[in-house]
Amino acid sequence: MHHEEVFTDRNVSEHSAYYYVDIENYPVTGWDKFKQVVKRAAKGELFVGLWVVMREMIKFDIHTVQYPKEKLPIGPRYRAVHKLLRLWESGYERCIGCGLCEKICISDCIRMDTRIDENSRKEVTEYSINLGRCIFCGYCAEVCPELAIVHGGRYENGSEQRAHFVIKDDMLTPLDLLTAGEQSEYPGFGAIIPGSDASVKKTPLAY
Amino acid sequence: MDVAFIIETIAKIVVILLIFSALAGLGTYFERKVLAFMQRRLGPMHVGPFGLLQVAADGIKLFTKEDIIPQNVVKPIFKIAPVITAATAFMASAAIPFWPQFTVMGYTVHPIVADINVGILYVLGVMAIGLYGPLLGGMASANKWSLISAARSAAIFISYEVITGLALLAPLMMVGSLSLVDINNYQAGGITNWIVWSQPVAFVLFWIAAFAETGRTPFHLVANDHEIIDGFGTEYSGMRWGLFFIGEYANMFFISFVIAIVFLGGFGDGTFAGAFQLILKVAFFFFFFLWTRAAWPDVRPDQLMWLCWKVLMPIAVLNVVVTGIVMMF
Ligand code: SF4
Ligand code: SF4
C-alpha cells in the first residue's frame, strides 16, 4: 500500500491563526481570590466547558484513523525502508557498484561486494543495509548517481527478522514486478525534476 | 429469623454483587467511549462489535495477571487495602433501595438488602470507610507517590465529609427520617415534591461532595496521573488493582443512587414508571461523572480544601440554619 499526499503549501505558520492569549494578573490577596472564584462561577465557565465537549460528542466528527485498516498519507519525500531499482528498458540493476552510498553513509551501515563479470561489467554481488544502525538520513539516495538506491514508502518494519528488509534480494525490484510496470520512480532526494528533459541543452559542437 | 428470609437476603446480595460488578466493568467501557466521543476519538473498537468485549478482555487480563507484592511493602496491609475499597463500596449498597418493591408470583420482593432506620447514615459511613483503601494502600506501598496520595486522601476525606454531612442535614430535617425508603416516600407525590426544589443548595453541595467522595475528575487528586502517577495504585497490579477499580466504579453508581433518591424523588410512587425514572436519573448522574472528566481540569489539593472549608462549609451551615428557621415558622 502506498499513499502519497500532494503538499501544495508547506508554509504552515504563515497562514495559521496563532495569537497571544491575554492572561490576567494572578490575584494576590484572599479577597481577590474570592472575587475571582465568584466571578468565574457566575460566568459559568464550567458550563461552557461542559457544552463544548457535549457539542463535539453530538457532532460526532471523529478523527480517529483506525490504523491497520486505514492509513494516513505519507509525504512523497518520506524516507522509509530502502529499495534498489532496475532499469526500465533492460531490466538490469541500476546500481553500478560505484560505492558512493557505502562511502557517504554516516552510520556505516551499507555493505557491498562487487566483481567484474564476464561482460566486463561491474556486478554487485552483495548489497545489504543494517537497518538497526541506519538513521534514514537519505544520504545514500541523495548521492547515488544512478537513482538506484532510493527510499521506499514502506514504514511498517514489523517482521520476524530484521534481516528481512535489508538484503539485496528484498530491496531489489523483482523482475516480474518490473515487467508488470510496478516499479515506481522515486520522487524524493536526487530524483529528476519533472520536465527536466526540456531544460537539457545540447552541447554546441563548436566546443 | 426464618429460613426464607435468610435465603432471600443471600439471593439479593448475590444479585447486587453480580449486577454491580458487571456494571462496574461496563462503566469503564462507557467511560472510555464517552470520553473518546467527546475528544473526537472512537475509543475501543477492536475487541468485539464496537469494542464491547473490551471489558471481558480487561477482566481476563486483570484476573490472570501476576499478583506482584513489591519489596519493602507492609504486606498484610498492602494486601487488604484493595479489599477494603471494594468491600465497603458493596456494603454501602445494603441500605440503598434500588427499585420499588414488586410482586413476583405472589411473593413481595423488597429490592433492598436491609431497610435499616439509619439508612443514609449507614451508607455514608460505610462509603467513608472506603477511603481507608487508598489511605492504607498508599501508606503501605513504600512508594513516594503512593504516600503523597495517601496524605491527599486523608486531607480530602476530612474536607468533603463535613460538606456531605451538613448538606444532607437540611433535607433530613425536613423528612425526619434517616431511612432511604422514608426519604423516597416523602417525595412520592411527584416531581413537585422533590427535595431538590426545596433544598437546591443542599443538592448542589452534596453533588460536589460526591465528586470528592468518589474521587472523580475535578477532585481526582488521590490518583492524579500527571502528578503522582496512579497514586495509591502505583504499586498494585492484577486483581488487587482491579478491586480498587471495581470499588471506585461501584461507588460512582451507589452515590448516583443516593443523590437520585435523596434529592430527585427516587423511584417516586413505586410504579414501574417511577422505577424506570430512577434508572434514568442514576444514568444521568453517572454520565455526568464522565462528562466532567472530559471537560474540567483538576484542582489542586489546597484548592479543594480551600473550597470545602472556606466556601462550601459556610454555605452548608447557612443552609441548615435557614432551613431550621423556615421549619420553625
Ligand atoms: S539512509 Fe543514511 S544511514 Fe541509512 S543507509 Fe542511507 S546513508 Fe546510511
Ligand atoms: S551509490 Fe548507487 S550506484 Fe553507487 S553503489 Fe550505491 S546504489 Fe550503487
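This report walks through the pocket, the ligand site and the aromatic contacts of a predicted model.

## Ground rules

In this predicted model, local features need pLDDT of at least 70 and side-chain atom pairs count only at pLDDT 80 or more, while totals for chains, interfaces and linings use all residues. Residues are numbered from 1 along each chain as written, chains are lettered from A and ligands numbered from 1 in written order, and side-chain values use heavy atoms, leaving out hydrogens and water.

## The largest pocket

Let's start with the open space. The largest pocket has a volume of about 1,800 Å³ (on a 1 Å grid over the protein atoms alone, a pocket is an open set with protein on both sides within 12 Å along at least five of seven lines, and lining residues have an atom within 4 Å of a point; the volume is the space filled by probe spheres, here 1.4 Å probes, set on points joined across faces, edges and corners).

Of its 43 lining residues, Val37(A), Arg40(A), Ala41(A), Leu46(A) and Val299(B) come closest to the centre. α2(A) gives the most, nine residues (helices are DSSP runs of H or I, at least four residues, numbered from the N terminus). The lining has 28 nonpolar, five polar and ten charged residues (Ala, Val, Leu, Ile, Met, Phe, Trp, Tyr, Cys and Pro are nonpolar; Asp, Glu, Lys and Arg charged; the others, Gly among them, polar).

## Around ligand 2

The residues around ligand 2 (a heavy atom within 4 Å) include Cys95(A), Cys98(A), Cys101(A) and Cys144(A). By class, that shell has ten nonpolar, two polar and no charged residues.

## A charge over a ring

Over in chain A, the charged end of Arg121(A) sits over the ring of Tyr92(A), 5.2 Å from its centre (NZ of Lys or CZ of Arg within 6 Å of the ring centre and within 35 degrees of the ring normal).

Notes:
Helix = DSSP H or I, 4+ residues; strand = E, 2+ residues; numbered from the N terminus.
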